[in-house]
Each structure stands twice: as structure tokens, then as C-alpha cells.
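Below are some notes for a colleague who is looking over this model. They begin with the core, then turn to one helix and to the ligand.

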Amino acid sequence: MDDGSVQVQVLSHPMVRARLTSLRDAETDTPAFRTLLAQLTTMLMYEALAGIDVDETTVRTPIGPCTGVRIAQPPLLVPVLRAGLGMLDAAMTLLPEAQIGFVGVARDEATARPNEYLVSLPRELAGRTVFVLDPMLATAGSMCHTLDVLARHGADDVTAVCVVGAPQGVAALQASPHRLRLVIGGIDDGLNEDSYIVPGLGDAGDRLFGPR
Ligand code: URA
């Protein structure tokens with residue numbers, strides 16, 4: 001991966017595709033949507049964590065000593081508010097040792113541009129493994145904004161974990177100066193005139209938390 005490059009990994013596992021299909025379904029209600037998003041997050045994070053650094057350790061089984069591994073350094077999870085919150089619980093369950101930061105970005109509905117209202121991150125992120133959680137990669141405005149904020153904190157090992165994206169969002173990441181990995185459940189056809197992903201799943205924040 002060179003500076004400014006994006007390594008894209010689209011998960012084609014049948015379980016991911018099946019859960020994503022149910023998540024998209026307009027008949028899926030909020031409780032089911034939350035559960036499906038949590039299940040997808042577990043699968044996406046499992047893949048995203050495949051290259052995580054580990055240290056060797058030894059435990060004693062009831063039979064005797066056994067060499068194994070433990071996560072070398074607790075990663076930082078950064079849900080992008082609001083919809084990223086729907087991924088946080090599952091990611092924390094998988095990775096209880098993780099630290100949590102927050103970036104709050106609201107989409108300006110008139111311009112579809114990101115409007116930052118919260119940044120709560122450790123001051124120094126150089127050398128830390130960071131996972132950004134945001135289910136939707138539409139224009140990538142929120143994601144690029146979050147990557148800018150993380151870069152200002154020195155982050156140099158960032159993985160974006162998304163459920164569904166548009167080709168325009170991937171292209172925007174590729175055109176950004178950021179070097180990252182993108183683990184995603186699917187890349188759809190495009191965006192409509194309101195910058196919603198087509199076919200997508202609608203407004204993820206509204207489906208998780210109710211309409212504003
Ligand atoms: N955000 C969403 O929640 N849905 C989209 O389709 C695009 C951005």
C-alpha cells in the first residue's frame with residue numbers, strides 16, 4: 001500500500017450477503033435492523049482484524065502449558081456519529097480491549113457536505129491501529145472528513161469499516177491524500193440526486209434511531 005492509496009476489500013461471504021440483503025429490506029423494522037447491523041459489524045470487523053499485531057503469550061490449560069497470542073496493542077474504534085454508533089456495540093464485544101473515540105459529522109441535507117459537531121479522540125494516534133466505523137460510504141464526505149481529523153492526530157494505520165458504499169465514495173477516498181484500508185460489505189450502483197446510495201438501504205441513522 002503506497003501513501004495515498006486505498007486497499008479495498010469487499011466481503012463476498014454468503015453470510016454477509018444474506019444479512020446485508022435483510023438489512024436493505026424496507027420491511028425490516030428498527031429492532032431487526034439493529035441486530036442485523038451488529039451481526040454484519042462482527043463479520044466485517046473479524047475480517048478487518050485479520051492483520052492485527054499480536055504478541056506471543058503462554059497460558060496453562062488444565063493439561064499443561066500452551067503458547068498462544070494476545071492482541072499486542074488495544075486498537076482505537078471511532079464510530080462516526082450518528083449511524084456509526086449502530087456498529088459500536090458489536091465491535092466492542094468482539095474487541096473488549098479497544099479504546100473508543102468519537103467523530104460527529106452531520107450531513108448538510110442541502111449540500112450533502114459534512115458538518116462536524118464533535119471530535120473526541122486521544123491527542124496522539126501515531127502508531128495506533130484505528131478502525132473507523134460508518135455503515136454508509138456514499139459521497140465519502142464524512143469519511144474523508146474523519147480521515148482528515150485522524151491525520152491531524154497523527155494516525156498512520158487506519159481501516160474504514162463500512163457496510164455498503166457507492167463507487168463515487170470509493171473514488172473519493174482514492175482521490176484523498178489518505179492511505180487506508182477499506183473493509184466493506186458491498187459496493188452498489190451509485191448515488192441518487194439526494195446523494196443516497198442506490199439501491200442502498202435508505203438513511204441508516206433514521207433506520208437505527210428513528211427519523212429526525
Ligand atoms: N447515508 C445514509 O444513511 N444512506 C445513504 O444512502 C447515504 C448516506
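1. In this predicted model, the largest nonpolar core has 51 residues, and among these Val132 and Val161 touch the most other members. The helix α2 gives the most to this core, contributing eight residues. As background, nonpolar side chains in soluble globular proteins tend to be buried together.

2. The buried residues of α2 are Phe33, Leu36, Leu37, Leu40, Thr41, Met43, Leu44, Met45 and Ala48. They are covered by elements that include α1 (14-24), α3 (85-94), β8 (130-133), β10 (158-162), β12 (180-184) and α6 (204-209). The length of α2 is consistent with its residue count, because 19 residues at 1.5 Å a residue should span 27 Å and the end C-alpha atoms are 26 Å apart, which agrees.

3. Thr30 belongs to α2, which covers residues 30-48, but Thr30 counts as exposed because 12 other C-beta atoms lie within 10 Å, and the limit for exposed is 12 or fewer. Leaving out residues up to four places away in sequence, Thr30 touches Arg207 and Leu208, while its C-alpha atom is separated by 7.5 Å from that of Phe209, 179 residues apart along the chain.

4. Around the ligand lie Ala83, Met136, Ala138, Tyr196, Ile197, Gly200, Asp203, Ala204 and Gly205, a shell that divides into six nonpolar residues, two polar and one charged.

How values were computed
Residues are numbered from 1 along each chain as its sequence is written. This is a predicted model: local features need pLDDT of at least 70, side-chain atom pairs count only at pLDDT 80 or more; totals for chains, interfaces and linings use all residues. Helices (H or I, at least four residues) and strands (E, at least two) are DSSP runs, numbered from the N terminus. A residue is buried if 20 or more other C-beta atoms lie within 10 Å of its own, exposed if 12 or fewer, and partly exposed in between; C-beta atoms are placed from the backbone. Two residues are in contact if their C-beta atoms, placed from the backbone, lie within 7 Å. The expected span of a helix is 1.5 Å times one less than its number of residues. A residue is near a molecule or strand if its C-beta atom, placed from the backbone, lies within 6 Å of it. Ala, Val, Leu, Ile, Met, Phe, Trp, Tyr, Cys and Pro count as nonpolar, Asp, Glu, Lys and Arg as charged, and the others, Gly among them, as polar. A nonpolar core is a set of buried Ala, Val, Leu, Ile, Met, Phe, Trp, Tyr and Cys residues joined through C-beta atoms within 7 Å.
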